[in-house]
Amino acid sequence: MDAFGLYLMFSMLATQVLPSPNKRVEYPLGLLPCRIFQGETYRSLSRIIRNMVLMYPGGDIRYEQSGLSDARDYIEQCFLYDEFRPASHLGLASFFRVMETISYHGPRNFLIQAAEMMDQGDDLLIPVSDVVSMKDFLSLCFDFYLVDLINGHDAFAALASIQAGVNSDSNNEVYARFVEETKNLPAVEMKLVFDPVTRAFNPIYRVTSFQAYMALEYMQMLDQNVKFRRCQNPACGKFFVAQRTTAKYCDFPSPQNELKTCKELYPQVASREKTTKDAVLKSIRGAQSRLYNVRRRHPEQSEAINRFLDEIDARKESMSEKVVTGEITLADFNKWLESLTIKKERNT
Ligand SMILES: [Zn+2]
């Protein structure tokens, strides 16, 4: 493989990433975008790369074509910071494509367009009024790269939330724009390779844009009827893909305990929550029936007892929630219920 880019092949329910012709890494179809656009990788692809561009050691050197090869080497090193190879390959490819386009047509032609992108993100490095230094050039490239990353991310969020049935109006807007933009998507190239075993031609895709990648993966997902779902762990809510249509929880590290996935952890959390809720409910019923008994035996105290019962009604939900979230213990909760009683007059 000669040109830079993320090389992909699609087979039954899988995305194969080809770092080199004879070395393939396979991911379940739809998983790569979930990993690239959610969590740490997405942050490192934007924040770390931005900082690296700002720290470019040859930053003050005048921008010249001859400086491009050093800049390319530097950018290549930057992307090694993200350990998730497909993501760093795609990021590097997007950045290189932008560098090539801008240096080919001349940076000045891109300044106005860059200034127009200002509302696209806080992390952009514009405005550059002129490209004088290598740092100016890389900053300009970074902005186009970042906008591609954001477009890819937004397309992912829109497509995933629509499939999972949790889409908002803004998701729908992004979706409409995405469909429009795919009409002239840059950065997907297809090459046919002959497989002597199956005696068939297979397409290999070279991708150099996050947005184009999202379109390509999504197209395959539609073809093979694979859908995004949303993790039912309320603390997580990430999108994921699964073969089983009944899958509720994702395979990513859970927010409650990074060493366990939501799939491993959440059913336990849910059952523990249920046990706690049952215990809380039992305490409430116990307290209420105790108060009913007192009222029956001492009608003269019914006014005070009714106040206690009203207080239980008014606060039981917020107090139970505190027990479930661990803010207070069940013992504290029971103490609160026990305090709702008429203090016996003590003779001293
Ligand atoms: Zn999850």
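Helices (H or I, at least four residues) and strands (E, at least two) are DSSP runs, numbered from the N terminus. By that rule, Ala158 lies in helix H6, residues 134-163. This is a predicted model: local features need pLDDT of at least 70, side-chain atom pairs count only at pLDDT 80 or more, and totals for chains, interfaces and linings use all residues. Residues are numbered from 1 along each chain as its sequence is written.

**Ala158**

Ala158 is buried, because 23 other C-beta atoms lie within 10 Å. Buried needs 20 or more such atoms within 10 Å, exposed 12 or fewer, and partly exposed falls in between, with C-beta atoms placed from the backbone. Neighbours within four places in sequence aside, Ala158 is in contact with Asn171, Val174, Tyr175 and Phe178. Contact means C-beta atoms, placed from the backbone, within 7 Å. Asp195 is 37 residues from Ala158 in sequence and 36 Å away in space, C-alpha to C-alpha.

**Cores**

A nonpolar core is a set of buried Ala, Val, Leu, Ile, Met, Phe, Trp, Tyr and Cys residues joined through C-beta atoms within 7 Å. The largest has 74 residues, and Cys141 and Val207 touch the most other members. H6 supplies the largest share of this core, 17 residues. Val207 has contacts beyond four places in sequence, including Gly5, Leu90, Ala187 and Tyr213. A second, separate core has eight residues, among them Val280, Leu291, Phe308 and Val323.

**Helix pairs**

Two packed helices are described by the angle between their axes and the distance between the axes. Axes are lines fitted to C-alpha atoms, for helices over the stretch in contact, and angles run from 0 to 180 degrees between N-to-C directions.

| Pair | Angle | Axis distance |
|---|---|---|
| H3 (residues 68-79) and H4 (residues 85-105) | roughly 160 degrees | within 9 Å |
| H9 (residues 262-297) and H11 (residues 330-339) | about 15 degrees | 10 Å |

H3 is therefore roughly antiparallel to H4, and H9 is roughly parallel to H11. The cut-offs are under 35 degrees for roughly parallel and over 145 for roughly antiparallel. H3 and H4 cross right-handed. H9 also passes H11 in a right-handed crossing. Right-handed means that the near helix is turned clockwise from the far one by less than a right angle.

On the H3 side, Leu68, Arg72, Ile75, Glu76 and Phe79 meet H4 residues including Gly91, Phe95 and Met99. This contact has seven nonpolar, three polar and two charged residues. Ala279, Val280, Ser283 and Ala287 of H9 meet Leu330, Phe333, Asn334 and Leu337 of H11. Ala, Val, Leu, Ile, Met, Phe, Trp, Tyr, Cys and Pro count as nonpolar, Asp, Glu, Lys and Arg as charged, and the others, Gly among them, as polar.

How values were computed: Angles under 35 degrees count as roughly parallel, over 145 as roughly antiparallel, 65 to 115 as roughly perpendicular and the rest as oblique. Two residues are in contact if their C-beta atoms, placed from the backbone, lie within 7 Å.
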